[in-house]
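Have the model open and follow along.

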Amino acid sequence: MKHMRITTAHQSITFSRRMMLLGGAQVAVGGLLVGRMGWLAVAQNEKYQLLSESNRVQLIPVPPRRGWIIDRNGKPIAINKASFRVDLIPQQIEKDSDVVSELARLLALDEDAVERIRRELLESRGFRPVSVADNIPYEQYAAVTVRLPDLPGVQATRGYSRYYPDGPAVAHLLGYVGTANAKEYEAEKKNPLLIIPGFKIGKQGLEKSLEPYLRGEPGGQRVEITARGKLVKELDPKPDRSGQTVQLTIDQGLQQFAARRMGDQSGALVAIDVTSGDMLAFVSMPAFDPNSFSEGIGRTEWSMLSTNDHIPLLNKVAQGLYPSGSTIKPAMALAFLKQGVDPKRRVVCNGGWQIGNRYFRCDAVHGSMDMHSAIERSCNTYFWATGLITDPEQTTEMVNYLGYGQEFDLPIPTQRYGTMPSPQWLEKKYHRKWQGYDSANTSIGQGYVLINPLQLAVMPARLGSGKLLQPRLLMNTPRKPVPLLDVNPEHLAIVRNAMTSVVNDHGTAVASKLPLDGILMAGKTGTAQVFRLGERGHQGNWALRDHALFIAFAPADQPRYAIGCIIEHGGFGASAAAPIVRDSMTYLFDKQKALAALAPLEEQWGGTLAERNARQLQAFKSVPRTTA
Amino acid sequence: MITSAIIPRPLARLPWRLIFLVSGIALFGLIVLYSAAGGSVRPWALKQGIVFFGFLTIAVGMSWMKESTIKSITFPVYAVTLVMLIGVELLGFVGKGAQRWLDLGPIRLQPSEFMKPAIVLALARFYELVPAGETRKWRAIWPALALLGVPAALILVQPDLGTCIMVVLCGVTVMFLAGLPWWLFAAPVGLVAVAAPIAYGMMHGYQRKRIDVFLDPESDPLGAGYHIAQSKIAIGSGGIWGKGFLHGSQSHLQYLPEGHTDFVFATMAEEWGLVGGVLLICAFAAVIRWGMRVSQSARTRFAQLAAAGLSATIFFYVSINLMMVMGLAPVVGVPLPLVSFGGSAVMTVMLCLGLLMALERQQRTVSRVI
């Protein structure tokens, strides 16, 4: 018992000691927990608050509305139209539901589209929506909207799509918009804005080069989103800023008129206000419909455009290069005058001119020609003969000065500026000496001479105004004072008079007098031989015909407007290009008269431009193809 | 006392301080659950309230149990619980899947929960029976190890690491207080400390990575570490005063997983801040201290050991859960008693408290008789 008692006491001491130890350990753990919590909640509070906020708030970029493009009078030429679209959010699609088939039924999607959607769904990650259909009619949008509760993952939204009221008439001037591709996405450092469904960027033309102005600033819808991606509430949004409205110098009426007036021909027309250099028209026809491009062009329409021999996908104004033909002659004359050639000096045209061992044949036997009549009647013999007695280097310098071979400071993505040959250039390019026939060819705008329609219009603008005009497209760029041309005004008057005679006296374009009282047009025809086009033999005779060109300014006594026009394979400049310029010029002075003249023509061609385009597409679709 | 004159005697003699404390904690838990459900008593708060009230009634009822009764049913209860554990294991084997439940019609029993108080009582009873002089002998050690080891192993293979750790810690605490030699506790710790690095060194890369993630979940923030990372964000962003009731974005936007069960403390801390957290920890400390006091003033060895062991059970519950939630321990799935949604933890803790209250009443009754 005694032993027992000692051990019991011993046991109780052990128990008390160990209880204290246990209690101490518990207090220590408690202290540790409180300390840890204090560390998290006080010392690191800021860090965790940030993390919590970034969990809570997500920013959904709201695409800005693209800026409008308006013409010089404020008429819209590129606007935004309310549109409806349907997207799929891959994460929210229920596994077993066949949303795609249901959507295909509701939206009447074709097999191509269904296959694309399924492929993109497989490839997509996370919240990135897959576009199902764009620009759907309201009825379809409504049909999807009412079924949304049964269609998890489907998003039907209304947004804006680009709309060009003038369609093809402005296609090459404005270009079009489209979804950014992978390269563009990379180039903008993966700007999240670019991958929002329905967000389009400028792909060509002014839409592309004015992108920084037109795009605007994306806003953000700040939202609270659960960990599973469910939207809880919308917080105060960061407003988006619409793109700027850009005003062009273009006259929408003229632009549309000229495009229509070209009919089904392939060509380009540029009109310039010679008081300022403002470009009033920038027409390249035929053209694609930029509206169908901004909606995502169908395969059929694309193949129709790309197989058309009138190359509707080429911006002929900035990128088409043509021999200038006789439209170079006024500039040549000015160059000759500057080099001291007497305007009264006569050359007898017996129907041609012998240069070396080659006889150059003129269009006609013109007889005795001075400078005035040579321009008026477009006598090649005079220019061959005079070209041979002048310095080709100096001549080219003058022609360049008047615009050929120049690249202009315009917001157009690509400009091909062609060639205005000179002995120096020839030496450098082909390593050979300038020969007499080079002078001869150049003096009538053949040979190596290649110009674009922009230059074709700048030349009469400079001749007409007597100023070193620079073409402008943007209304709000600062106007710089335009220096006068460094030429003798008397020389200029001689050339202008001759150009006036071309249209109004006995010249090559007398059939294209302006139908207006008291307003005379001065001009010059050109017919450019088409070289090597015979290789495109399968296209038939049309492709072998000469290009028709015409340059003009009016009124002849006090020039206000200048126009340059080329009709590909149009035959004679006087018959194909000059009437179009005449009517366009008429439009600038008297709209009603011009439109009245256009109506019977369109009737004869089979309807307005839009009607004919639609018919063409329909015809193309009905032709069975191997892909079908 | 005036109160004793107004209130019937049996009621007045209940340990009201403890009951208020525990009810306070549970009520706070209900408020947190109400918020976790987005400001609704459904689906958690109401159910939890009913469960708590039921078990509180049971616990108060248990407080009239005599110590002798508790002693007499200790081993049978232990045995039944062990049989149920084996039963669960067999059922899981037959059903080809892990199982922790015994489906008994209306209620589902989780025998591993009963094992926590049962092991404490069984070991306390065992060491009461062991004569004082024998305490340090092998005879006093191996039966205890068997009593503890068998159910622990059964729970571990369920697999339920959290409960297993709890059961082992509770048992070891009783053994420690019973006066077993020091080396018995120091040796395993030392052995693990030595062996672990060596084993780690011999492991394959992927095995090491698993251990790494287990010990440091934040090295895998999108996988195992996601819980911890989000929980720390919730606690840390709460600051001192919290974001306010119903304003915890982490829990309401479901970034915090298990915000109503194991990680309920993070849900609470986000809205009530450091203040709420410290308050809750203090309340738990008071409950545990009350239990430890019962142990200290106990007259019998069984009451001493049992009361300490039962208090330790509550302590381990709270501390393991909080360490887990604050990123100090791996995620092993131990709920915060009385606050986390779920009946089993409430049941275990209320059983412990019921037994503690019974032991406490015994002390008073006995002292009065003397």
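**A helix tucked inside**

Start at helix 19 of chain A, where Asp438(A), Ser439(A), Ala440(A), Asn441(A), Thr442(A) and Ser443(A) are buried. This is a predicted model, so take everything here as computed from it. Helix 19 spans residues 436–443, and because 6 of its 8 residues are buried, the rest of the structure largely encloses it. What does the covering? Among the elements over those buried residues are helix 14 (329–338), helix 16 (380–388), helix 17 (392–401) and helix 18 (423–430) of chain A, along with strand 14 (352–355) and strand 15 (358–361). Just past the end of helix 19, look for Gly445(A), which has a positive phi of about 70°.

Now zoom out for a moment. Chain A has 24 helices and 19 strands, and 43% of its 628 residues count as buried. If you take the contacts in chain A between residues at least 6 apart in sequence, 73% of them link residues at least 24 apart.

Next, find the open sheet of 5 strands in chain A, which pair antiparallel in the order 12-11-19-18-17. Strand 12 (279–285) and strand 17 (522–528) sit at the edges with a single partner strand each, so one side of each has no neighbour in the sheet. From one strand to the next, the twist averages 5°.

On one flank, 7 bridges tie strand 18 to strand 17 of chain A, with the two running antiparallel; here Gly523(A) stands opposite Ala552(A). Strand 18 (residues 547–554) also pairs with strand 19 (residues 561–567) of chain A, again antiparallel and over 7 bridges. A hairpin of 6 residues links strand 18 to strand 19. Across that pairing, Phe550(A) has Cys565(A) as its bridge partner, and Ala552(A) has Ile563(A).

What lies across the sheet? Helix 10 (residues 252–261) of chain A lies across strand 11 (267–273) and strand 12, running at about 30° to strand 12.

Ile563(A) and Ala552(A) come back in the largest nonpolar core, a set of 126 residues; they are among those with the most contacts inside it, as are Val270(A), Ala271(A), Ile272(A) and Ala577(A). Helix 22 (residues 573–589) of chain A gives the most to this core, 9 residues. Both domain 1 (59–247) and domain 2 (316–532 + 546–589) of chain A supply at least three residues to this core. Setting aside residues up to four places away in sequence, Ile563(A) touches Leu269(A), Val270(A), Ala271(A), Ala457(A), Ala552(A), Val581(A), Ser584(A) and Met585(A). Apart from this core lies another, of 114 residues, including Tyr48(A), Val32(B), Leu280(B) and Leu351(B).

That brings us to chain B. Its contact with chain A takes 39 residues from chain B and 36 residues from chain A. On the chain B side, helix 13 of chain B provides the largest share, 11 residues. The residues on that side divide into 21 nonpolar, 17 polar and 1 charged.

How values were computed
Residues are numbered from 1 along each chain as its sequence is written. Chains are lettered from A and ligands numbered from 1 in the order in which they are written. This is a predicted model: local features need pLDDT of at least 70, side-chain atom pairs count only at pLDDT 80 or more; totals for chains, interfaces and linings use all residues. Two strands pair if DSSP finds at least two bridges between them. Helices (H or I, at least four residues) and strands (E, at least two) are DSSP runs, numbered from the N terminus. Axes are lines fitted to C-alpha atoms, for helices over the stretch in contact, and angles run from 0 to 180 degrees between N-to-C directions. Two residues are in contact if their C-beta atoms, placed from the backbone, lie within 7 Å. Ala, Val, Leu, Ile, Met, Phe, Trp, Tyr, Cys and Pro count as nonpolar, Asp, Glu, Lys and Arg as charged, and the others, Gly among them, as polar. A nonpolar core is a set of buried Ala, Val, Leu, Ile, Met, Phe, Trp, Tyr and Cys residues joined through C-beta atoms within 7 Å. A residue is buried if 20 or more other C-beta atoms lie within 10 Å of its own, exposed if 12 or fewer, and partly exposed in between; C-beta atoms are placed from the backbone. Domain bounds come from an automatic or database domain assignment.
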